[in-house]
Amino acid sequence: MIRLRLIPVATVIAVLLAGCGSSPTVRHYTLASGEVPTATGASSPSVVVGPISLPEAVDRLQIVQRVAGARAEPAQGHRWAGSLKAELARRLATAIARERGLARVVAAPQNSVARPDLTVPVDVLRLDADGFSSVTLEAVWAVRGNGNDIGSGRFSRSEPVSAQTYEALVEAHGRLADALAAEIAAAIR
């Protein structure tokens, strides 16, 4: 009988002690540049950037690094602030607006532009962070208006990571997104 009374007490003590352990800190990173583009006015074309497609290996909340050649390693405790597709679309939209001085450039999915003048779908073929040494982005993109391709291209570039930190790794991702946006912006007339 005494044993039966001690079981609930022991269970409560075990639960309380388990709660005392500390869980690892989770850090969230964004590709947002923090820069506000200067727009030329409402007469500029409306542009919706997206949809963005990503390889499944990197389409997750955790930041993924390629380790030892072929192994993809999601970082424990280091995550994107939102979906990587949305982060990339917003960074591209901001950079394209800045490059071209456009007032109405938004990331898909969005609600502010009912019928955009231009859409910019982007298929990311490769987005590899090679440890903390470099990030490589390969993508195929198009600028479409009225159902026709106005411009298209294939982007391929690597960017070195300036330090052995996740902040530097995310900055390299951002520089690649800006370079891709500059190429896309050149096709928008």
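Predicted model: local features only at pLDDT ≥ 70, side-chain atom pairs only at ≥ 80, totals over all residues.

Colleague: Fine. How many helices and strands are there in the protein chain?

Modeller: You'll find three helices and eight strands. Starting at the N terminus, the order is α-β-β-β-β-α-β-β-β-β-α.

Colleague: And how much of the chain counts as buried?

Modeller: 39% of the 189 residues do. As for contacts between residues at least 6 apart in sequence, 65% join residues at least 24 apart.

Colleague: OK, strands next. What does β7 pair with?

Modeller: β6 on one hand, in the antiparallel sense, over nine bridges. There's also β8, residues 148–160, again antiparallel, with twelve bridges to β7.

Colleague: What do the turns look like?

Modeller: β6 and β7 make a hairpin with three residues between them, and Gly131 in that turn has a positive phi of about 60°. The β7 and β8 hairpin has two residues between its strands, and there Asn146 has a positive phi of about 55°.

Colleague: Which residues stand opposite each other?

Modeller: Two examples. Val122 has Trp141 in β7 as its bridge partner, and Val135 faces Glu159 in β8.

Colleague: Is β7 mostly covered or mostly open?

Modeller: Mostly covered, with ten of its twelve residues buried.

Colleague: Switching topic: how many residues are in the largest nonpolar core?

Modeller: 50, and Leu92, Val122, Val124 and Leu180 have the most contacts inside it. Elements that give two or more residues to this core include β2 (46–53), β5 (104–107), β6 (118–130) and β7 (134–145), along with helices α2 and α3.

Colleague: Which element gives the largest share of this core?

Modeller: That's α3, with 13 residues.

Colleague: You've mentioned Val122 a couple of times. What does Val122 touch?

Modeller: Leaving out residues up to four places away in sequence, Val122 touches Pro51, Ile52 and Ser53, then Leu92, then Ala139, Val140 and Trp141, and finally Leu180 and Ile184. Two of the names there, Leu92 and Leu180, are also among the residues with the most contacts inside the core.

Colleague: Start with the largest cavity. Which residues line it?

Modeller: Val58, Gln62, Ile63, Val64, Trp80, Leu84, Leu127 and His173. Strand β3, residues 62–67, supplies the largest share of that lining, three residues.

Colleague: How do the lining residues divide into nonpolar, polar and charged?

Modeller: Six are nonpolar, two are polar and none is charged.

Colleague: And what lines the second largest cavity?

Modeller: Leu31, Leu84, Leu88, Leu127, Leu137, His173 and Ala177. Helices α2 (84–100) and α3 (166–187) each supply at least two residues of that lining. The lining divides into six nonpolar residues, one polar and no charged.

Definitions and conventions
Residues numbered from 1 in each chain as written. Heavy atoms only, no water. 1 Å grid on protein atoms, 1.4 Å probe; cavity = no way out; pocket = protein on both sides within 12 Å on 5 of 7 lines; lining within 4 Å. Helix = DSSP H or I, 4+ residues; strand = E, 2+ residues; numbered from the N terminus. Nonpolar A, V, L, I, M, F, W, Y, C, P; charged D, E, K, R; others polar. Core = buried A, V, L, I, M, F, W, Y, C linked by side-chain atoms within 4.5 Å. Buried < 20%, exposed > 50% of the residue type's maximum accessible area, 1.4 Å probe, protein only. Contact = heavy atoms within 4.5 Å. Pairing = 2+ DSSP bridges.
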